[in-house]
Amino acid sequence: MSTEEIAGAKSKAVKRPAVGPDECKTILCEKISDTLQSWRQRVQKLQKQHGDFKICDVTVEQIYGGIRGVMIQVSDISYVDPMEGIRIRGYTIRELLEELPKAPGAKFPLAGGLYFLLMANSLPTYEQAMLVEEEWRCRSSVPGYIFDLLDSMPLDTHPMTLFSMAILALRNESQFTHQYTQGLLQKGEFWEYYLEDSLSLTAKLPTLAAYIYNWKYRGKQHIQPNPDLDWSANFAYMIGKGDDPEYVDLCRLFFLLHSDHEGGNVSAHAAHLVSSALSDVYLASSAGMDGLAGPLHGLANQECLRWLLELRDHFGGLPERNALESYLRSELGSGKVIPGYGHAVLRITDPRFTAQQEYGFSVMPDDELFRLVNLVYEVLPPILKEQGKVKNPWPNVDALNGTMQYHYGVCEFDFYTVLFGISRALGITAHCTWARVVGKPIERPKSLTTQMLEDMVQAAADGREYEISKE
Ligand code: AMX
């Protein structure tokens, strides 16, 4: 779409009823445009008037320790409070579950409503949530060359490799890159094309992920999306679980819970960094997925389930409380990490765990693995607290993710991170779009050598000034 067409579409949207392709994009553009100037002014004011205001010091330990806790970014889309958990656009998980619109008969909100909130910073009405769903429907068709590409891969390729690769290959569709390389864009309008690409990419993710699932685990059958279903329900339908309303609801819940977790986690940060080079959302999202595929990040959920199954096998079923306690003490004593427990930021039970647990109590109270998760939740935190090493003795969302999927027969562990990825792309694309809304520049932190750090420490000990080389 050209700039003129976008401008025309904007003026039309005010008069037209809110239905049909591109109507949603128009409304999102308007919502963002309404606040764009004030956001830019706030950022400029902070930079101009308080540019040298100091936020924090960085220690040697933090530099070597994964820049942990160093405040290096701004994310107005979500914030993780250690004692409260995530707030997305100001709303807690509980508030999101209560206040976002739901499809008739559904227990959990429409992903379209969540995306509206992420992008527009405004709680949607049911009609607005459905507009996103409609826009996604119109943009959901995946080009044939993507399926050809996936078909050409060995069947034992990890599903996250396939998912990331497919997103990367979809870059051919990028309107931002197309316009940018022709020199047609002004900096102030980059975000509109990021939004355009974001809607197109996210629209295709359920189809893409379901294709990978069916190709790998279900004899390569291909199921087309059902136009009567919402985004989340369609994924369930396309992997052959559309007849199970509980699983459909689990998809709605899961895709909401994993959509965003502020800007510092590996997937969000990687995507943000890549997009700061004006790489389009396809490149940025693919980079985010590559980070998500790491065992310390998104892959953790499959480890949690593996550990639980081993635990169950070890006891031949649900253990006695005392026996479990001894087992956990011995695991910890031998230096093992208990998957699903601990968190880099949170210091409470992850509210995303609680949300899934509440659903679990209503739909699978007697499931043996679910009961095991709950027993570990009762027994383990006091032991971790007592040992005093782990900063957060409470479960994170991964302690339950795999168990819920396993219950409904999605037993292919290595696919779980793709489920996470479908959802996380919602947050990633919103972050990338908003980075362009406020005109964030390319990221370029500075690196030092170990020698420099040693010299700095020595200079401080000698009471000398250390002058860092000016690059
Ligand atoms: N079991 C046993 N020991 C643990 C532990 C656990 N679940 N969590 C942390 N510890 C240990 C650490 O290994 C560290 O030991 P060390 O000092 O001997 O190296 C010590 O406790 C302090 O660690 P921390 O500051 O509390 O945690 P962290 O911020 O360094 O790491 C996390 C956070 C999540 C990586 C870690 O708690 C962990 O490995 N948990 C298990 C794996 C897991 O659940 N991952 C999912 C994370 C969520 C996600 O991104 N999807």
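Begin by selecting Ser259, which is buried, with a relative accessible area of 0% (buried means under 20% relative accessible area, exposed over 50%, and partly exposed in between, with a 1.4 Å probe and protein chains only). The model in your viewer is predicted, so local features need pLDDT of at least 70 and side-chain atom pairs count only at pLDDT 80 or more, whereas totals for chains, interfaces and linings use all residues. Residues are numbered from 1 along each chain as its sequence is written, and side-chain values use heavy atoms, with hydrogens and water left out.

**Around Ser259**

Ser259 sits in the loop between helix 12 (245-257) and helix 13; helices (H or I, at least four residues) and strands (E, at least two) are DSSP runs, numbered from the N terminus. Show its neighbours next: leaving aside residues up to four places away in sequence, Ser259 touches Ile88, Leu114, Ser423, Arg424, Leu426 and Gly427, where contact means heavy atoms within 4.5 Å.

**Another positive phi**

Move to Asn121, in the loop between helix 5 (111-120) and helix 6 (126-138). Asn121 is not a glycine, yet its phi is positive, at about 60°, and the residue is partly exposed, with a relative accessible area of 34%.

**Helix 14**

Now select residues 281-292, which form helix 14; at 1.5 Å a residue its 12 residues should span 16 Å, and this agrees with its end C-alpha atoms, which are 16 Å apart (the expected span is 1.5 Å times one less than the number of residues). Because 10 of the 12 residues of helix 14 are buried, the helix is largely enclosed by the rest of the structure. Among these buried residues are Val281, Tyr282, Met289 and Leu292, and the buried residues of helix 14 pack against helix 8 (159-169), helix 10 (190-217), helix 13 (266-275) and helix 20 (416-437). At the N-terminal end of helix 14, colour Asp280, which caps the helix with a side-chain oxygen 3.0 Å from the backbone nitrogen of Tyr282.

**The largest cavity**

Rolling a probe the size of a water molecule over the atoms shows where empty space is left. On a 1 Å grid over the protein atoms alone, a cavity is a set of points where a 1.4 Å probe fits but cannot get out, while a pocket is an open set with protein on both sides within 12 Å along at least five of seven lines, and lining residues have an atom within 4 Å of a point. The structure holds two cavities of 30 Å³ or more. To find the largest cavity, select Cys304, Trp307, Leu308, Pro339, Tyr341, Val373, Val376 and Ala399, which line it. Helix 15 (300-315) and helix 18 (368-387) each supply at least two residues of this lining, and the largest share, three residues, comes from helix 15.

**The second largest pocket**

Which residues lie closest to the centre of the second largest pocket? Of the 16 residues that line this pocket, the closest to its centre are Ile93, Arg94, Leu97, Ala355 and Glu358. Strand 2 (85-88), helix 4 (93-99) and helix 17 (351-363) are the elements that give two or more residues to the lining of the second largest pocket, and the largest share, six residues, comes from helix 17.

Key
Grid points are joined across faces, edges and corners, and a volume is the space filled by probe spheres set on the points. A polar contact is a pair of N or O atoms within 3.5 Å; within protein, one must be able to donate a hydrogen and the other to accept it, and residues adjacent in sequence count only if both atoms are side-chain atoms.
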